Amino acid sequence: QYCIIACDGIWDVQTNEQACQMVSSIYEEGESDLGLLCEESVDIGLQLGSKDNMTALVIQLNKNMAVAKGSGVQGRRQFRQVENSKTNTSNQSPTTATDVV
């Protein structure tokens, strides 16, 4: 259904099967923009700790491939933003009266 072409920065932290599962999951979440899908694969590489250069290209082989309804990459980004803000809030020490100038 698609072909993933990526440099070693992606493959250092994901197997072929994991990358295929990631692309399938993003399609299942409703993403139809291949550019956003490629950006997400690089973002995932960063999250997994890749320190190498990363480039990803996804070629959709079946132009009539059904894409599920959902929020796709934008939904993933919103979820991460909420999770990061929860983490940042819980890691902050409480402000005391002496901290306020």
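Author: A strand, as the word is used here, is a DSSP run of the letter E with at least two residues, and strands are numbered from the N terminus. In this model, which is predicted, Leu57 lies in strand E2, made of residues 56–60. Leu57 has a relative accessibility of 44% and therefore counts as partly exposed, since that class lies between the 20% limit for buried and the 50% limit for exposed. Together with Ile5, Ile59 and Leu61, Leu57 makes a nonpolar surface patch of about 360 Å².

Ile4 and Val58 are, with Tyr2, Val23 and Leu37, the residues that have the most contacts inside the largest nonpolar core, a group of 13 residues. Strand E1 (2–6), helix H2 (16–28) and helix H3 (34–47) are the elements that give two or more residues to this core, and the largest share, five residues, comes from H2.

Turning to H2 itself, its buried residues are Ala19, Met22, Val23, Ser25, Ile26 and Tyr27. In an α-helix there are 3.6 residues a turn, so residues three or four places apart point the same way. The 13 residues of H2 should span 18 Å at 1.5 Å a residue, and this agrees with its end C-alpha atoms, which are 18 Å apart. Just after H2, Gly30 takes a positive phi of about 105°.

How values were computed: Residues are numbered from 1 along each chain as its sequence is written. This is a predicted model: local features need pLDDT of at least 70, side-chain atom pairs count only at pLDDT 80 or more; totals for chains, interfaces and linings use all residues. Side-chain values use heavy atoms; hydrogens and water are left out. Patches are made of residues with over 30% relative accessible area and no salt bridge: like charges are joined within 9 Å, nonpolar side chains (Val, Leu, Ile, Met, Phe, Trp, Tyr) within 5 Å. Accessible areas come from the Shrake-Rupley method with a 1.4 Å probe; for residues, only the protein chains shown count as cover. A salt bridge is a side-chain nitrogen of Lys or Arg within 4 Å of a carboxyl oxygen of Asp or Glu. Helices (H or I, at least four residues) and strands (E, at least two) are DSSP runs, numbered from the N terminus. Buried means under 20% relative accessible area, exposed over 50%, partly exposed in between (1.4 Å probe, protein chains only). A nonpolar core is a set of buried Ala, Val, Leu, Ile, Met, Phe, Trp, Tyr and Cys residues joined through side-chain atoms within 4.5 Å. The expected span of a helix is 1.5 Å times one less than its number of residues.
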